[in-house]
Amino acid sequence: MAGVAIVTGGSRGIGAAVCRLAAEAGYDVCVNYQNDRDAALQAVEDIEAKGGKAIVYPCDVSKESDVQSMFREVDNELGTVTALVNNAGVVLPISRVDEMTSERLAKILGINITGSFLCAREAILRMSTKHGGKGGVIVNMSSAAARLGSPNEFVDYAATKGAIDTFTLGLSKEVGPEGIRVNAIRPGLIDTEIHASAGAADRVEKFKDGVPMRRSGSAEEVAQATVWLMSEEASYVTGALLDVAGGR
Ligand code: NAP
């Protein structure tokens, strides 16, 4: 077994692809999700069909007690976590900044930023040699939006991903001496259901010709990079912000 991985937002899109590939790489996987139980169970079924081991755990990563319960469940069912993929993230309906409510901002900051911090904290408490752990790896799912800013679409979302980049840089230095590598992936335009959740199901089609490689990416292409960062092949890589964005 390569280790025990928790993938937040593992039911659909990039997270589901990470769960499947991580299982193929030998990880026992906790598939976290919030609402779509059928999709999460499908990911587990696919993993088990190939001889892997996985559990599902529904919770909102922005809720502290839920996150703590999830990590305790993984301790009991799979063993000590060795890899955390902070993938759960949302965009909200396309909006200008002068239209954004405080409720909207609290929601997106809570899921995209606080959720990643809470999960990282629970992982560090188990992985860090300072806390008696044996080390581990954290991969944060940022976005090319952190560089692009997403004007007239979702500057709030882009700003949360800028925060994830800074979080990655700071945390990698904080826990590097304690056996934990921390990196981020910055996907570009990836063909998942996230665009429909912003009210723009045609976003991939609309913007793909502006990508230097003239196409969108797949969830699997992002997952390949993620599982590489999780692996021993990336043993000297930490604090990296890896663009998987077709040159965008
Ligand atoms: P997606 O297809 O919309 O899937 C989102 C996943 O996150 C689902 O599994 C969803 O669970 C889960 N989730 C949402 N809110 C949650 C919460 N509060 N707690 C726990 N889980 C939650 O999104 P995606 O495109 O795969 O994106 C995954 C990550 O990549 C996100 O962080 C996103 O910002 C980033 N990203 C995506 C793109 C892109 O173009 N697709 C580009 C750059 C970065 P349910 O199934 O239960 O709803």
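**Exercises: a ligand and its pockets**

In this predicted model, helix H1 (13-24), strand E2 (27-33), helix H6 (155-175) and helix H7 (194-197) each give at least two residues to the shell around the ligand.

**Exercise 1.** Find which residues come nearest to the ligand, and how the shell divides by class.

*Solution.* Start with the count: 32 residues are around the ligand. Next, pick out the ones that come nearest, which are Ser11, Asn35, Asp36, Tyr157 and Thr192. Now sort the shell by class: you get 13 nonpolar, 14 polar and five charged residues.

**Exercise 2.** Look at Gly9, Val61 and Tyr157, and work out which kind of ligand atom faces each one.

*Solution.* Take the backbone first. At Gly9, a polar backbone atom is 3.2 Å from an oxygen atom of the ligand. Then turn to a side chain: an N or O atom in the side chain of Tyr157 is 2.5 Å from a ligand oxygen. Finally, check how covered the ligand is: taken alone it exposes 900 Å², and the protein buries 96% of that.

**Exercise 3.** Say where the ligand sits, then describe that place.

*Solution.* The ligand sits in the largest pocket. That pocket holds about 1100 Å³ of space. Its lining has 48 residues, and Gly89, Val90, Val91, Ile194 and Ser197 are the closest to its centre. Next come the elements: H1, E2, helix H4 (102-127), helix H5 (145-148), H6, H7 and helix H8 (203-207) each supply at least two lining residues. By class, the lining has 22 nonpolar, 16 polar and ten charged residues.

**Exercise 4.** Now describe the second largest pocket: its space, its lining and the classes found there.

*Solution.* Begin with space: about 220 Å³ lies in this second largest pocket. Then walk along the lining, where you'll meet, among others, Ala2, Tyr27, Thr82, Arg181, Met230 and Glu232. Last, sort the lining of this pocket: five residues are nonpolar, five are polar and two are charged.

Technical notes. Residues numbered from 1 in each chain as written. Predicted model: local features only at pLDDT ≥ 70, side-chain atom pairs only at ≥ 80, totals over all residues. Heavy atoms only, no water. Near = heavy atom within 4 Å. Polar contact = N/O pair within 3.5 Å; in protein donor to acceptor, adjacent residues only side chain to side chain. Areas by Shrake-Rupley, 256 points an atom, 1.4 Å probe, with all protein chains shown as cover. 1 Å grid on protein atoms, 1.4 Å probe; cavity = no way out; pocket = protein on both sides within 12 Å on 5 of 7 lines; lining within 4 Å. Sits in = over half its atoms within 2 Å of the grid points. Helix = DSSP H or I, 4+ residues; strand = E, 2+ residues; numbered from the N terminus. Nonpolar A, V, L, I, M, F, W, Y, C, P; charged D, E, K, R; others polar. Points joined across faces, edges and corners; volume = space filled by probe spheres on them.
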